[in-house]
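I opened a new page for this one and jotted down what I looked up, in the order I looked. Here are my notes.

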Amino acid sequence: MTNAEMMTHERAAIVSIGDELILGQALDTNTHWLAQRLTERGIRVIEHATVDDDRARIDATLRRLAADVQCIVVTGGLGPTADDLTRQALADAMGQTLVEDPEGLAWLEAIERARGRTLTAQRRVQAQRPESASLIPNEHGTAPGIRGVVDDADVFCLPGPPREMRPMFEASVEPALRPPGGRVIRAELLRTFGLPESVVAERLGALMDRDANPTVGTTASGGVVTVRIRFEGAEAEAATAMEAACAQVRTLVGDVLFGEGETTVPAALVDALRTRGERVLVVESCTSGLIGAMIGSVPGASDVFLGGWLTYANAMKSAIVGVPPQWLDVPPGVPPVPGAVSAETAAAMAEGALRVAAERGIDAHHALSVTGVAGPGGGTDEKPVGTVFIARATRGEITDVRHFLIAGDRSDIRERSATTATGMLLHHLRGGTPDVMTWQMETT
Ligand code: AMP
Ligand code: MG
């Protein structure tokens, strides 16, 4: 056995290759997916590298990483064209030349024959591999993968398209992995909504010490603050340690917790409504349809989502859901009235939606409304850009209206308003919207 064959895959790196990734024209979803697969197997991923279609840079990256890890998974650059340079770069890093693999050649010829074509010189390149490397079969495309060894590190080169890469990884790379015995990595995600990341972190306190095990960290995106809990150690200790850490997190941020794993706020809302057999309406001003789109994008939303109105103009707010027109259009010189962006108007929109629905025989339990200043124009000293009022009206209950000042540009403000509206109803259904959820919101 060679050194590489005996070595445990303690540490791994992922390399994605392609100009399109470097230039920001395509999103690198392969790394995201591979990192999860390797981590699940207890292999510690220590670096993600993204390299353009440059033979020397790919070569240098492979050599550099091979000095540090026992396993490298590469994706991209295995096609037949001049910018597909992974096989040459791998040969360079292995200090070998490329040879034609007879079985690979026969396989490529068979594919072309089945398509009524003959193998061109250009495509024939895909049968090549570094001398001591082997080809990895591709069940879903024409580019075989290549497995080689650089500086005692196993290198698996896979095609770029996810629909070819994923099955190839599962069929040929996973079985070849040698994760460290007895050691596992376990990760859990707990999702919170309604508190800024800094406040969540403050509440978690000492749990977030970097040298703790499990480690607890936070990331914020689209208003959702995710608490990540990660254990690395003996398999026998994993379950107990994870349960204890998760329980502590639940105690500290339980009031804003809404789900686990990949759950989103709208998905959790649809779930909570379905459990209770309740339905919701929306009536939107500055979000102009975003709340409806968010709820509607959840599979199965039809069980709980009735629809709603897009009352962008003042005239629509009055004509459709009955907001008193004298609140909205203010002739100069009259005493102050609530205005289109106000708690009163938000409440009247949501309550009006429930009333109109009831008059027409529609059985709605809740209505969500949003009115605000999304900017960039339209702000005043009293109601600056980002001022947003969100109301939740529920049949037989006092309407909950909240005032937010949301940071960011027009699109941030609209997106955040829509998520916040769904979050307000979600928290209500789960036992009460926390009082902390109002006013200042960070946009992360
Ligand atoms: P290639 O293997 O370089 O010929 O890549 C072919 C196609 O695969 C690219 O045009 C992308 O659409 C896709 N692709 C390549 N690398 C990635 C990646 N890291 N994540 C997601 N898709 C990718
Ligand atoms: Mg490419």
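**The ligand and its surroundings**

I started with the ligand, and found that ligand 1 sits in the second largest pocket. A reminder to myself: this is a predicted model.

Next I asked which residues come nearest to ligand 1. There are 15 residues around ligand 1, and the nearest are Asp 28, Thr 29, Gly 77, Gly 160 and Pro 161. I then sorted that shell by residue type: five nonpolar, seven polar and three charged. I also checked which helices supply at least two residues of the shell, and noted α2 (19-22) and α3 (29-40).

**Polar contacts**

I went through the ligand's N and O atoms. Asp 28 has a polar side-chain atom 2.8 Å from a nitrogen atom of ligand 1. For Asn 30 I found a backbone N or O atom 3.2 Å from a nitrogen atom of the ligand.

How much of ligand 1 does the protein bury? Taken alone, ligand 1 exposes 480 Å², and the protein buries 73% of that.

**Aromatic rings**

I searched for aromatic pairs and the structure holds one. The partners are Trp 33 and Phe 169, with ring centres 5.7 Å apart. Stacked or edge-to-face? Their planes stand at 80°, and over 60 degrees counts as edge-to-face, so that is what I wrote down.

Trp 33 is in helix α3 and Phe 169 is in helix α8 (residues 162-173), so the pair ties together parts 136 residues apart in sequence.

Last, I went along the backbone. Where are the cis peptide bonds? One joins Asn 213 and Pro 214, with omega at about 5°. I placed Pro 214 in the loop between α9 (197-204) and β10 (215-221). Another runs from Gly 375 to Pro 376, and its omega is near 0°. Pro 376 also belongs to a loop, the one between β15 (366-372) and β16 (387-394).

I made a note of Asp 152 too: its phi is positive, about 70°, although Asp 152 is not a glycine. I found Asp 152 in the loop between β7 (145-150) and β8 (153-158).

Methods:
Residues numbered from 1 in each chain as written. Chains lettered and ligands numbered in written order. Heavy atoms only, no water. Near = heavy atom within 4 Å. Polar contact = N/O pair within 3.5 Å; in protein donor to acceptor, adjacent residues only side chain to side chain. Areas by Shrake-Rupley, 256 points an atom, 1.4 Å probe, with all protein chains shown as cover. 1 Å grid on protein atoms, 1.4 Å probe; cavity = no way out; pocket = protein on both sides within 12 Å on 5 of 7 lines; lining within 4 Å. Sits in = over half its atoms within 2 Å of the grid points. Helix = DSSP H or I, 4+ residues; strand = E, 2+ residues; numbered from the N terminus. Nonpolar A, V, L, I, M, F, W, Y, C, P; charged D, E, K, R; others polar. Phe/Tyr/Trp six-rings, centres within 6.5 Å; stacked < 30°, edge-to-face > 60°.
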